[in-house]
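Visitor: I would like to learn how to read this model feature by feature. Could you take me through it?

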Amino acid sequence: MESKEKIEKMVADWLKMVEELMKESGLPIVPDPKTSDPVWVDVRELRLRYLIPVKRIRKFFEGLAEGKLYVTKCPAKNIYYFPPQADCPACMDENIVWDEISGNGKLLTYTVVNVKPYSFAHHSNYVIAIARMSEGFNILSWMSVDDLSKIHVGMDVKLVVKRREPEGFFTYYLEPA
Ligand SMILES: [Zn+2]
C-alpha cells in the first residue's frame, strides 16, 4: 500500500474511534495517541494550499516551460539568486538582472529522504542535494538518479528542467552529468 493511503487509513481509523468515544461521553474528547492526555478534537477540518505570488519572477516559470533556467543577479553585489528573487536582500534594491545559467555544477552534499511528509508520501524515496553551480553559487534541489550508489560528493551534476510526475508541472532537478 502506498504510504499516502496508509496515512489516510490511519486518520480514518482514528476519526472512527473519536466518533465512537463521543457517542459514549457526548464530548469529542479522546486520549492523545502519543501522550494519552485528553485532547478536544475540533469538528472543523482545515485544508491548506499555498498561493504564492509570482508576478515579478514570472520569467523564471516561462523559462522552465521552454526548458531554460533563469536566475536573478544583483549587478552591484554580483550575487545570484536561485530560485530568483525580484529584490536584492543584500542592498534592498530592485535593480536586479536576469541571467540564463548553464546548469553545470558539482555535488556538495545530499540526503536521501526515507520518511516523507504527507504531501510527498506518494513519491518514492527521493534525494535532496546541494550543488555548486559553475557560475559560483549554490542551489538546493531534488536530484533524480536511478541508482543511489552512483551518487558521490564532488561528482559533476547538471541542473535540468523536467516535469515532476505524477503532478505534471515543469520544475528543475539535479542529475548526474
Ligand atoms: Zn544587491
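Guide: Gladly. Domain bounds here come from an automatic or database domain assignment, and for this protein that assignment gives domain 1 (53-100) and domain 2 (103-177). This is a predicted model, where local features need pLDDT of at least 70, side-chain atom pairs count only at pLDDT 80 or more, and totals for chains, interfaces and linings use all residues. Residues are numbered from 1 along each chain as its sequence is written, and side-chain values use heavy atoms, with hydrogens and water left out.

Visitor: How many residues does each domain bring to the contact?

Guide: Contact means heavy atoms within 4.5 Å. Domain 1 brings 10 residues and domain 2 brings 9 residues. The C-alpha centres of the two domains are 21 Å apart.

Visitor: What area is buried between domain 1 and domain 2?

Guide: Buried area is the accessible area (1.4 Å probe) that two parts lose on being put together, summed over both. Here that comes to about 860 Å², with carbon and sulfur atoms giving 81%. On the domain 1 side, Leu64, Tyr80 and Phe82 lose the most area to domain 2, together 59% of what that side buries.

Visitor: How many salt bridges are there between domain 1 and domain 2?

Guide: A salt bridge is a side-chain nitrogen of Lys or Arg within 4 Å of a carboxyl oxygen of Asp or Glu. The count between domain 1 and domain 2 is 0.

Visitor: Now the metal. Which residues coordinate the zinc ion?

Guide: Donors are N, O and S atoms within 2.8 Å of the metal (3.2 Å for Na, K and Ca); water is not among the atoms, so sites may look incomplete. The zinc ion is coordinated by the SG atoms of Cys74, Cys88 and Cys91, at 2.0 to 2.2 Å. Along the sequence, these donor residues follow the spacing C-x13-C-x2-C.

Visitor: Is cysteine 88 buried or exposed?

Guide: Buried means under 20% relative accessible area, exposed over 50%, and partly exposed in between (1.4 Å probe, protein chains only). Cysteine 88 is buried, because its relative accessible area is 1%. Cysteine 91, at 29%, is partly exposed.

Visitor: And where does glutamate 94 lie?

Guide: Helices (H or I, at least four residues) and strands (E, at least two) are DSSP runs, numbered from the N terminus. Glutamate 94 sits in the loop between strand 4 (79-81) and strand 5 (97-100). Its relative accessibility is 57%, so glutamate 94 counts as exposed. Leaving out residues up to four places away in sequence, glutamate 94 touches Arg56, Ala86 and Asp87.
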